Amino acid sequence: MPVAHVRRWGRFIVTASSSTAEKTVLPRIFHVWLGGALVSQLGDAALYFALGWAASAHGGLAAGWVLTAVALPRTILLLLGGAVGDRLGARQVMIIGDAVMLVVAVTLAVVSEATGAPLAILVIAALIVGTNDAFYLPSSGSMPRRLVEPELLPRAVALRQSGTQVIGLVGAPVGGALVAFAGLSAAAWADAITFAVVLVVLVMVRPPFTPPSPAQRKHILREVWEGIQVAVRTPGLGPVLLLVAGAAGFVLPFAALLIPLLAREHGWGSTGAGFVVGAQSMGTIVVTLIVSRRGIFARPGVVAALALAVVAVGELAVGLAPALPMAITGATGVGAASGMFVSHLSPLLLSAAPDTHLARVQAILSVIQSVTLLATNNIIGSVAHALGPRAGTLVCTAALLICAAAGLFSRPIRRISRPAGQAVRS
């Protein structure tokens, strides 16, 4: 008879058993947190679209200022936000962040309803959103590790990834509908409601956390530096971080930058571009949902590297597609392989990080991705402008094949195995 272990999570009690059958079920508390987190992401996506739309009324330069006001403080402060999350606890940081954003969203809704959307208000709101993200995102990224057992972590991360992809599909249309219905204020009110929902969820969810004693605390910048040292010195963590960053640099710009350019070149229009991007998202959703049910393969590092090679082939198929159906097929392959890559490597980042540095490692990953994207967006955009979007696609394909080869030749990545007890796909 299996021995049961009872763990108390706030108002929820999760009973984990040593039996294999019970270990294949994600705990209820994770589903509760994930539901609240996805509701909040939907509100954020709608508000982000609404801010950009309202800023576009002031001209393209103003829209760029508003979007930069979100991205700049988020990138600059991420490492600090990770250190704060590890010092105070992810739940505490997220509660503070949600409370702040609830006030900001309500204020923005009231002000925009009374005065419209002056540029100064939009920039201030964007700066607060970006600053809050810098502290919130590392803590939120560490939550799956805090809420599920190690053997269930890959499935938890895959389920979260599929939910995030769904939000990515519907967030902008929801924001557009809200703006069309009642302007920026409607999107702000909707976002405020989602922050209230996630606040209630966080009050109920209490992951285990032991704050460092005063004697263990150092200057906050020293703790930031310690997080970087952990990422460099932890066996296998550095290569995985670099591989994920390299993949992001040549996968994310493909959908955001190259697909619209390819659609214009082929005359597919915005509808065709939407079908291609949607096919990529659906491929990711399907694969990550399968992984969340079936688990990962026994050699996740090798599988992830091979998946990256498939992404490269899929991008090439889209770039060389003579007609829209072939582009949609290629994009579906890109999304499916991307989902396989993310669902196999992301859990490894959480598993490899020490309990005391979870948020900092998530922050380092976000910073590396942001810096990489700053470079690759401009490089790919310049190539596409000078030589056409197909040339930009060739650059992405070649870079991803190099990343895949580097992963396969990297001994730390090749030797990564799934966590003990994790269900494995056959």
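In the predicted model, Phe 341 touches Leu 243, Val 244, Ala 247, Ala 304, Ala 307 and Leu 308, with residues up to four places away in sequence left out of the count. Phe 341 belongs to the largest nonpolar core, which comprises 54 residues. Within this core, Phe 341, Leu 308 and Leu 345 are the residues that touch the most other members. Two or more residues are contributed to the core by each of helix 9 (237-266), helix 10 (269-294), helix 11 (300-319), helix 12 (324-352), helix 13 (358-387) and helix 14 (389-409). Helix 9 provides the largest share, with 14 residues. Another core, of 24 residues, lies apart from this one, and its members include Trp 33, Met 94, Met 143 and Val 205.

The chain as a whole contains 15 helices and two strands. Of its 426 residues, 49% count as buried. When contacts between residues at least 6 apart in sequence are considered, 85% of them join residues at least 24 apart.

Two helix pairs illustrate how such elements are arranged. The axes of helix 4 (residues 90-115) and helix 7 (residues 184-204) come within 8 Å and cross at roughly 160°. Angles over 145 degrees count as roughly antiparallel, and helix 4 and helix 7 are therefore roughly antiparallel to each other. The crossing of helix 4 past helix 7 is left-handed. The residues of the contact between these two helices comprise 20 nonpolar, two polar and four charged.

Helix 4 also meets helix 3 (residues 60-88), and the axes of these two helices come within 6 Å and cross at roughly 120°. This angle makes helix 3 oblique to helix 4. In the contact, Val 84, Gly 85 and Leu 88 of helix 3 meet Ala 90, Gln 92 and Val 93 of helix 4. The residues of this contact divide into four nonpolar and two polar, with no charged residue.

A further residue of interest is His 385, which is found in helix 13. Is His 385 buried or exposed? Residues with over 50% relative accessible area count as exposed; His 385 has a relative accessibility of 75% and therefore counts as exposed. Although His 385 and Leu 261 are 124 residues apart along the chain, their C-alpha atoms are separated by 9.5 Å.

Key. Residues are numbered from 1 along each chain as its sequence is written. This is a predicted model: local features need pLDDT of at least 70, side-chain atom pairs count only at pLDDT 80 or more; totals for chains, interfaces and linings use all residues. Side-chain values use heavy atoms; hydrogens and water are left out. A nonpolar core is a set of buried Ala, Val, Leu, Ile, Met, Phe, Trp, Tyr and Cys residues joined through side-chain atoms within 4.5 Å. Buried means under 20% relative accessible area, exposed over 50%, partly exposed in between (1.4 Å probe, protein chains only). Helices (H or I, at least four residues) and strands (E, at least two) are DSSP runs, numbered from the N terminus. Contact means heavy atoms within 4.5 Å. Axes are lines fitted to C-alpha atoms, for helices over the stretch in contact, and angles run from 0 to 180 degrees between N-to-C directions. Angles under 35 degrees count as roughly parallel, over 145 as roughly antiparallel, 65 to 115 as roughly perpendicular and the rest as oblique. A crossing is left-handed if the near helix is turned anticlockwise from the far one by less than a right angle, and right-handed if clockwise. Ala, Val, Leu, Ile, Met, Phe, Trp, Tyr, Cys and Pro count as nonpolar, Asp, Glu, Lys and Arg as charged, and the others, Gly among them, as polar.
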